[in-house]
Amino acid sequence: MEKKRSSFTGKLGFVLAAAGSAVGLGNLWRFPYLAAKYGGGIFLLVYIILAVTFGFSLMVAEIVIGRKTGLSPVGAFAKLNKKFAFIGYLGAIIPMLILPYYSVIGGWVMKYFAAFVSGNGHNAASDTYFDGFITGVGEPIIWFVLFIAITMTVVLLGVEKGIEKVSKIMMPVLVVLSIFVAVYVMFLDGAWAGVVYYIKPDFSNFSIMTVIAAMGQLFYSMSLAMGIMITYGSYMKKDVNIEKSVHHIEIFDTGIAFLAGLMIIPAVFAFHGGEESALGKGPSLMFVTLPKVFDSIWGGQVIGTLFFILVLLAALTSSISLAETVVSVVQDKFKIDRKVTCLIVLGGCLLLGLPSALGYGVLGGVKILGLQFLDLFDFISNSILMPIVAICTCVFIGFVIKPKAIEEEIEISAPFKAKKLFNVVIKYIAPVFLVAILVSSILDVFGVIKI
Ligand code: TRP
């Protein structure tokens, strides 16, 4: 007999837990740099359209699979149909690839927090600070190791609950602070052009890359296509309204990403004049831009310190949940002791994360498929594996267990309002569309086509 699963208390508990996993560096660090790079307003528009169609359908599907079976991903797919357990395994690989480079960025956040808390915020705002930090050898490694060590310690000691409690209190503070900073930035000289760039869709900025990037970001930010939501669903009570919960998670997650963009993108225009080279900065964007904002505010040292500690907490709750997933998969599969598993995962992360930590410095010359290590891990997980898992999930639901099975589970608690949309998206639109973008991003990276 399987142990009875503990469950979330009511809808709020579920939404908060799922949102805690969803809101992290994806929203605060990744979304703004992609939006800046891939066309501003048009990226935002494409992202929102994808979120309410694909994101919605996929999240509903995953939560339902979890709640229906009461099992974690591998078991859940196997229970519904033995032949499809592989989707669970495939999804489980993704967090293993994300966690290492997630921790590298987490390390960057710690470094900036340390700079502000020790009164060095002004230096951190200088043009050369980020490059000086990232091209070194010792520092990127030290901060990365510290971040992953904290993450694994929490997982090993099983004290996630404590962190989650703290972060639930801090999250509203982060939102309020972000609104304050965003409004402040809006009034900086030259920032308005950035607000327009970010909010007004300019169709001449559209390219297939806009869609590919937005899709990858959607999976990443909402923790989709890697079994996480299946696990969360398995803890959900039968009387909780799934459709509504998904709406709430999406609004929350997208809202925070939107705010982060509103802080960062107009600031790029205010401090760098919105040149393409500044907008296309990529992973470093948040770190080169925000310290300048804080440096220009009265009391910016305190605000910067507060901001980076909040981002750090959001990053930690996500990295802990990522690590937790990896540990439980490895532990279940190989039936080994939890302590040993944690050590193995830690070792694996250090190994995979080191190239990403050094990818901007000593390993700067090494490129695979034209990508730096960090971008490579990001690309493999978000642009290749996640679409594959998503396609498999859609086909599995659309043609193996059939959407009816999903509807029935949802209607245990409430009528399924978006039933038609769900059906069409899962069976036809999503698979066709996902195959198209998967193929084009693979062809692009291998240089067959240029998009
Ligand atoms: N969604 C998280 C973020 O936006 C990152 C993430 C991806 C994640 N997959 C996850 C977090 C799995 C926890 C579990 O930062």
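Which helix holds Ala-278? In this predicted model, Ala-278 belongs to helix H14, which covers residues 276-279. Its relative accessibility is 7%, so Ala-278 counts as buried. Val-268 sits 10 residues away along the chain, and the C-alpha atoms of Ala-278 and Val-268 are separated by 6.8 Å.

## Around the ligand

Let us turn to the ligand. It is surrounded by 15 residues, and the closest are Ala-22, Gly-26, Tyr-102, Tyr-220 and Ser-321.

| Residue | Protein atom | Ligand atom | Distance |
|---|---|---|---|
| Tyr-102 | side-chain N or O | oxygen | 2.7 Å |
| Ser-221 | backbone N or O | nitrogen | 3.0 Å |
| Ser-223 | polar side-chain atom | nitrogen | 3.1 Å |

How much of the ligand does the protein bury? Taken alone, the ligand exposes 360 Å², and the protein buries 100% of that area.

Besides placing a polar side-chain atom 3.1 Å from a ligand nitrogen, Ser-223 has a positive phi of about 50°, although it is not a glycine. Ser-223 lies in the loop between helix H11 (208-221) and helix H12 (228-234). Is Ser-223 buried or exposed? Ser-223 counts as buried because its relative accessible area is 8%, under the 20% cut-off.

Asn-241 is found in the loop between H12 and helix H13 (242-272). Which backbone nitrogens do polar atoms of its side chain approach? One belongs to Glu-243, at 3.1 Å from a polar side-chain atom of Asn-241. Another is the backbone nitrogen of Lys-244, at 3.0 Å from a polar atom of the Asn-241 side chain.

Which residues make the nonpolar surface patch of about 700 Å²? They are Val-366, Ile-368, Leu-369, Val-435, Val-439, Leu-443, Phe-446, Val-448 and Ile-449.

Two of these residues can be described further. Leu-369 is placed in the loop between helix H17 (338-358) and helix H18 (373-410). Its phi is near 55°, a positive value in a residue other than glycine. Leu-369 is partly exposed, because its relative accessible area is 37%. Val-435, another member of the patch, lies in helix H19, residues 419-445. With a relative accessible area of 38%, Val-435 is partly exposed too. Why can these two residues be part of a patch at all? Patch residues need over 30% relative accessible area, and the values are 37% for Leu-369 and 38% for Val-435.

How many disulfides does the structure hold? The count is 0. Cys-349 is in no disulfide, and the nearest cysteine sulfur, that of Cys-342, is 11 Å away. A disulfide needs the two sulfur atoms within 2.5 Å. Cys-349 has 4% relative accessibility, so it counts as buried.

Cys-392 is likewise in no disulfide; here the nearest cysteine sulfur is that of Cys-394, 9.3 Å away. Is Cys-392 buried or exposed? Cys-392 is buried, because its relative accessible area is 17%. As a reminder, a disulfide is a covalent bond between the sulfur atoms of two cysteines.

Conventions
Residues numbered from 1 in each chain as written. Predicted model: local features only at pLDDT ≥ 70, side-chain atom pairs only at ≥ 80, totals over all residues. Heavy atoms only, no water. Patch = residues over 30% accessible without salt bridge, like charges linked within 9 Å, V, L, I, M, F, W, Y side chains within 5 Å. Areas by Shrake-Rupley, 256 points an atom, 1.4 Å probe, with all protein chains shown as cover. Salt bridge = Lys/Arg side-chain N within 4 Å of Asp/Glu carboxyl O. Helix = DSSP H or I, 4+ residues; strand = E, 2+ residues; numbered from the N terminus. Buried < 20%, exposed > 50% of the residue type's maximum accessible area, 1.4 Å probe, protein only. Near = heavy atom within 4 Å. Polar contact = N/O pair within 3.5 Å; in protein donor to acceptor, adjacent residues only side chain to side chain.
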